[in-house]
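Trainee: I have a model open and want to check the labels on it. Can we go through them one by one?

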Amino acid sequence: MRIDRLDLRLVRLPLVRFFETSFGRVHDRAFVLVTLHGDGEVGYGECVADANPYYSAETTETSWHIIEQFIAPRVVGGSFAHPREVYPALGAIRGHNMAKAAVEMAAWDLYARQQGVPLAKILGGTRTEIASGVSIGIQDSLDELVDRIAIELAAGYRRVKIKIKPGWDISAVDLVRARFGSIPLMVDANAAYQLSDAGHLAALDRFDLMMIEQPLDYDDVVDHAALQARLKTPICLDESIHTVKTAAQAIAQGACRIINIKPGRVGGHAQSIRLHDLCAAHGVPVWHGGMLESGIGRAHNIHLSSLANFSLPGDVAASKRYYLPDLIDPPIEVRPDGTIPVPSGPGIGVSIVRERVERATERVLSLSAA
């Protein structure tokens, strides 16, 4: 696999509906698209870094800079026997996993297209469909939260996740349980609490939640271990898991019982597979998180979610929940039974609508081999 050219696009899409977490409320999404050209084929990747450094220190602007100045010179004009070689080729660059992942994942798509097979086959996936869950942000009122959950359950989603923060937690979960009974339910704090809140968080134990996702700081493992020892509800780590090594430490210390895998957070598909395999070896289930991706990133997520240890429904929802229209056609849809088929075409298996991409593009840069 030779990479002859790398194109960067800064793209902005309006969200169908605002999305609010403990970080704040957003109404649109700016992200960097990566296109790799080689041997007559094209591969696509999407950088999940946001415009603001709240979920991660990386942003759209830092990712653009790192890809242009440091990643592109290491891949453009280069040849790789397999896309798993791309991440090691970037080893001299510390951090910046989201920037690395955007290019690395585009390389996997390029390679799969060159081979004429679905990306899932190259990744080692075993499923032809995945179970879909839904992530519901903080609403303006509890009544609106209940209405939103009712809509999503009617659409077939198999698991509901609600965002929480201090002041929007116990009462929200209590109401959801009262209205919807024993539906598969989890909460996501996005690092909004401290270990001193352990007693308050323990009040969630009575609601039989699937998990509490990332209750404490984004860079913490030790305090999560102390918190997990005080909770019956499993802790799931998200922001804290930047590397496979960190995940191994978290599992060894008892800091979590579940791990959320996001390729952008750990550096791409190859590292996600390593993390998946580590968790499987230790009996730790995983699921695929979401970062408000367009259909391009969402298709990558579906293929990765076809691996065996993705045993819990992920945050891989239908395109229409986020973007109308999406950048792909046909859009990703959830079946009435709450599943999404894994695309069967070459690579990520979806068609990118060039006109929509052009319309949403704010900046373009093309980098070719000398």
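**Labels and cut-offs**

Mentor: Start with D7, which counts as buried at 12% relative accessibility. Before going on, note that this is a predicted model, where local features need pLDDT of at least 70, side-chain atom pairs count only at pLDDT 80 or more, and totals for chains, interfaces and linings use all residues. Residues are numbered from 1 along each chain as its sequence is written, and side-chain values use heavy atoms, with hydrogens and water left out.

Trainee: Why is D7 called buried?

Mentor: Buried means under 20% relative accessible area, exposed over 50%, and partly exposed in between (1.4 Å probe, protein chains only). D7 has 12%, so the label is buried. R5 has 30%, so R5 is partly exposed.

Trainee: What makes D7 and R5 a salt bridge?

Mentor: The term needs a side-chain nitrogen of Lys or Arg within 4 Å of a carboxyl oxygen of Asp or Glu. For D7 and R5 the closest N and O atoms are 2.9 Å apart. The structure holds 22 salt bridges.

Trainee: Which parts does the salt bridge of R363 and E61 tie together?

Mentor: In that salt bridge, the closest N and O atoms are 2.9 Å apart. R363 lies in strand β15 (residues 361-368) and E61 in helix α1 (residues 60-75), so the pair ties together parts 302 residues apart in sequence. Helices (H or I, at least four residues) and strands (E, at least two) are DSSP runs, numbered from the N terminus. R363 is partly exposed at 32%, and E61 is partly exposed at 42%.

Trainee: Are D238 and R265 buried or exposed?

Mentor: Both are buried. Their side chains meet in a salt bridge at 2.6 Å, N to O. D238 sits in the loop between β9 (235-237) and α9 (244-253), and R265 in helix α10 (residues 263-266), 27 residues apart.

Trainee: Which residues are linked in a network of salt bridges?

Mentor: R159, K161, K163, D188, E213 and D315.

Trainee: How many cavities of 30 Å³ or more does a search of the whole structure find?

Mentor: The search finds 1. A cavity is a set of points on a 1 Å grid over the protein atoms alone where a 1.4 Å probe fits but cannot get out; lining residues have an atom within 4 Å of a point. Grid points are joined across faces, edges and corners, and a volume is the space filled by probe spheres set on the points. The largest cavity has about 80 Å³.

Trainee: What lines the largest cavity?

Mentor: The lining has 14 residues, with E46, V48, M105, G264 and E293 nearest the centre. α3 gives the most, with 4 residues.

Notes
On a 1 Å grid over the protein atoms alone, a cavity is a set of points where a 1.4 Å probe fits but cannot get out, and a pocket is an open set with protein on both sides within 12 Å along at least five of seven lines; lining residues have an atom within 4 Å of a point.
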